[in-house]
Amino acid sequence: MTSLTDTQEPTRRGGRGARQRILKAAAELFYTEGINTTGVELIATRASVSKRTLYQHFPSKTALVEEYLRMLRQAAGNLTDEPSADSDSNPRALLLALFDTPDAADTPMRGCPFHNAAVEAAEAMPGVQDIIHAHKRHYIDGLTELARRVGAADPELLGNQLAVLYEGAAALSTSLNDPAPWTHARATAEALINQATHEFA
């Protein structure tokens with residue numbers, strides 16, 4: 001079937017905003033529906049562009065997935081960034097805040113988008129895997145730095161323990177579609193921090 005072009009489909013829009021609309025549509029669909037099950041035609045429709053316009057901005061679906069993950073990385077920032085004036089700058093509080101129970105929502109819990117992408121991309125998208133690995137390593141580095149600031153005897157050990165705990169809570173809450181694992185994870189994180197800093201209630 002011949003693909004539609006911008007001139008053949010007047011309800012679809014190009015222009016400067018097309019790239020952002022494509023990324024926004026892709027981000028929503030990749031996260032809620034999955035990467036493998038989301039086709040470029042659906043993304044183009046949701047973004048109100050033709051497939052031709054989509055491919056002008058992103059030469060392949062893989063390129064779009066990579067940009068989606070880069071966008072998430074940029075939005076996530078760094079764990080060790082200086083907090084805003086009205087936030088808690090205590091490194092212990094920052095670590096525990098990572099395990100706050102997510103707000104209840106009507107939609108099913110989907111977990112970490114990077115973990116989801118790692119499972120779906122497997123070995124088929126090496127560039128995607130590189131982005132995911134870099135993000136996860138950077139996240140562990142951030143946890144390790146906060147562990148150092150909190151006074152852990154072995155910051156690297158605590159950082160890795162908290163990373164495993166975080167990933168586990170995200171995965172289990174997604175599998176059960178239940179936020180309860182985050183409550184248990186927070187209690188465990190507090191115990192690990194106490195043990196690492198020799199603070200016992």
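Where does N177 lie? N177 sits in the loop between helix 8 and helix 9. Keep that spot in mind, as the tour comes back to it.

## The overall picture

What you see is a predicted model. The protein chain has nine helices and zero strands, so its pattern along the sequence reads α-α-α-α-α-α-α-α-α.

Of the 201 residues in the protein chain, 35% are buried. The accessible surface of the chain comes to about 11,600 Å², and carbon and sulfur atoms account for 53% of that surface. Contacts between residues at least 6 apart in sequence are also worth a look: 69% of them join residues at least 24 apart.

## Helix 8 and helix 9

Helix 8 covers residues 155-176, and helix 9 covers residues 180-197. Their axes come within 9 Å and cross at roughly 170 degrees. Angles over 145 degrees count as roughly antiparallel, and the two helices are therefore roughly antiparallel to each other.

Which residues make the contact between them? From helix 8 come L158, Q161, L162, L165, Y166, A169, A170, L172, S173 and L176. Helix 9 brings P181, W182, A185, T188, A189, L192, I193 and A196. Sorted by class, this contact has 15 nonpolar residues, three polar ones and no charged ones.

Most residues other than glycine have a negative phi.

Now return to N177, in the loop between helix 8 and helix 9. N177 is not a glycine, but its phi is positive, at about 50 degrees. With a relative accessibility of 44%, N177 counts as partly exposed, because that class lies between the cut-offs of 20% and 50%.

S48 is found in another loop, the one between helix 2 (40-47) and helix 3 (51-57). Its phi is near 60 degrees, a positive value in a residue other than glycine. S48 is partly exposed, with a relative accessible area of 23%.

## A residue in helix 3

Is Q56 buried or exposed? Q56, which is found in helix 3, counts as exposed because its relative accessibility is 53%, and the cut-off for that class is over 50%.

Q56 and R19 are 37 residues apart in sequence, and 9.3 Å separates them in space, C-alpha to C-alpha.

Definitions and conventions: Residues numbered from 1 in each chain as written. Predicted model: local features only at pLDDT ≥ 70, side-chain atom pairs only at ≥ 80, totals over all residues. Heavy atoms only, no water. Helix = DSSP H or I, 4+ residues; strand = E, 2+ residues; numbered from the N terminus. Buried < 20%, exposed > 50% of the residue type's maximum accessible area, 1.4 Å probe, protein only. Contact = heavy atoms within 4.5 Å. Areas by Shrake-Rupley, 256 points an atom, 1.4 Å probe, with all protein chains shown as cover. Axes fitted to C-alpha atoms, helices over the stretch in contact; angles between N-to-C directions. Parallel < 35°, antiparallel > 145°, perpendicular 65-115°, else oblique. Nonpolar A, V, L, I, M, F, W, Y, C, P; charged D, E, K, R; others polar.
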